[in-house]
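Me: Could you take a close look at the enclosed space inside this protein for me, and then walk me through whatever else stands out around it? I would like one connected account, please.

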Amino acid sequence: MASPKLHDFRRIVVKVGSSLLIDSNAGEVRAGWLAALAADIAELHRGGRDVMIVSSGSIALGRSRLKLPRGPLKLEESQAAAAVGQIALARTWSEVLGAYDIGAGQILVTFQDTEERRRYLNARSTIGKLLEWRAVPVINENDTVATTEIRYGDNDRLAARVATMASADLLILLSDIDGLYTAPPGSNPDATLIPVVDSITAEIEGMAGAAGSELSRGGMQTKIEAGKIATSAGTHMLIASGKIDHPLRAIAEGGPCTWFLTPANPVTARKRWIAGSLEPKGTLTIDAGAVVALRAGKSLLPAGVIRIEGQFARGDAVIVRGPDTHEIGRGLVAYDADDADKIKGRSSSDVMMILGITGRAEMIHRDDLVVGTAPG
């Protein structure tokens, strides 16, 4: 199968590891390399694409700023180093992107932020608003509070979680190796690069186990795990070398890399998850006008809701029924049951007056809603 093209994608996550970003001997950012990467990001941004960055490096930068000795750090030492390094890392990205008049927004996440639905929705909303404002979210694991029990363990999997959370259609893992090989390329001269992986099979996983990169914290195995997460959620993934200047330009020009393809897309994969994997916690009954609007692809507004049943929290799955009680669809509700009951039947402009907060205009956003086919 032919490889996709970088310009085919609209929303892209780029993962940058510590070994690429930080000169371990000097303990400083590789300024020239990062400037070249920022130029690539700016080129994608000018083309109207949404770009997100998952960046490592906070602990390494913190160690350098604090002049800590080499060697392993205790958990609390790593957390404290990250607290110092996160400031330096955020400033670095802000400056290199600011050179192209692109704003950067820092988002620190933990494992729970992508696993608990309420926190997941909050993080997703923040990322979405930054992209709407044409800023570039710079995302990292919050190493100041993450512990061995809750942390991702590597930023490859974190990047895959972020990509699925943000409905990205492409995840790029910049690595110290330019893709997946049939065997370890350092020790086997006959090893060849695999340009396209249609699906991650046991054979592919076996190659990854053998072709781990010594320089990468996660190695090739965690990149394959990231590929499973991404492709199952409708996101294509590629692994490419980040050891060269302008690595994204190299990808766009057809440079060596490995593409991991998905048959789905982020929207359909997400809606399949909503429709079939989540237990509904309540029911919203809507009027006939809202039924027509939903079938036309609109979001569900409070004005169209006539009855609330069940005890649900924001982010829970609910069933949507028409006035004749037939199920119209399912979705993730934007309000707790008590607040939803207060604003049902009211216009979106009344939400502030009723709840005392500026809430979301939609009871269920269309991206979080799966509508069934109309009866024949």
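Reply: Happy to. The largest cavity has a volume of about 40 Å³, and please keep in mind that the model is predicted. With a threshold of 30 Å³ or more, the count comes to one cavity. Its lining is made up of Leu89, Ala90, Trp93, Gln106, Leu108, Val138, Ile139 and Asn140.

Let me turn next to an open space. The second largest pocket holds about 670 Å³. Its lining has 23 residues, and Arg124, Ser125, His365, Asp367 and Asp368 are the ones that lie nearest its centre. H6 and helix H11 (266–277) are the elements that give two or more residues to the lining of this pocket. The most comes from H6, which supplies seven residues.

That makes H6 worth a look of its own. Helix H6 covers residues 117–132, 16 residues in all, and spans 22 Å from its first C-alpha to its last, close to the 22 Å expected at 1.5 Å a residue. Its buried residues are Tyr120, Leu121, Ala123, Arg124, Ile127, Leu130 and Leu131. Arg124 is therefore buried, with a relative accessible area under 20%, and Arg124 is also among the residues nearest the centre of the second largest pocket. Just after the helix, Arg134 adopts a positive phi of about 65°.

The buried residues in H7 are Asn155, Asp156, Leu158, Ala159, Ala160, Val162, Ala163, Thr164 and Met165. Here too a positive phi comes just after the helix, at Ser167, with a value of about 55°.

Now for a buried strand position. Val14 sits in strand E1 (residues 11–16). Val14 counts as buried because its relative accessibility is 0%. The C-alpha atoms of Val14 and Leu171 are 6.1 Å apart, although 157 residues separate the two along the chain. Beyond its neighbours within four places in sequence, Val14 is in contact with Val51, Met52, Ile53, Val54, Ile172, Leu174 and Leu248.

The segment before E1 brings in the aromatic rings. The count comes to one aromatic pair. Phe9 and Trp259 form this pair, which is stacked, with 5.7 Å from centre to centre and 20° between the planes. Phe9 lies in the segment before E1 and Trp259 in strand E10 (residues 257–260), so the pair ties together parts that are 250 residues apart in sequence. Both Phe9 and Trp259 are buried.

Asp350 is found between helix H13 (337–343) and helix H14 (351–355). Asp350 has a relative accessible area of 19% and is classed as buried, because the class covers values under 20%. The side chain of Asp350 makes a polar contact with the side chain of Arg346, at 3.4 Å.

Key: Residues numbered from 1 in each chain as written. Predicted model: local features only at pLDDT ≥ 70, side-chain atom pairs only at ≥ 80, totals over all residues. Heavy atoms only, no water. Helix = DSSP H or I, 4+ residues; strand = E, 2+ residues; numbered from the N terminus. Buried < 20%, exposed > 50% of the residue type's maximum accessible area, 1.4 Å probe, protein only. Contact = heavy atoms within 4.5 Å. Phe/Tyr/Trp six-rings, centres within 6.5 Å; stacked < 30°, edge-to-face > 60°. Expected span 1.5 Å × (residues − 1). Polar contact = N/O pair within 3.5 Å; in protein donor to acceptor, adjacent residues only side chain to side chain. 1 Å grid on protein atoms, 1.4 Å probe; cavity = no way out; pocket = protein on both sides within 12 Å on 5 of 7 lines; lining within 4 Å. Points joined across faces, edges and corners; volume = space filled by probe spheres on them.
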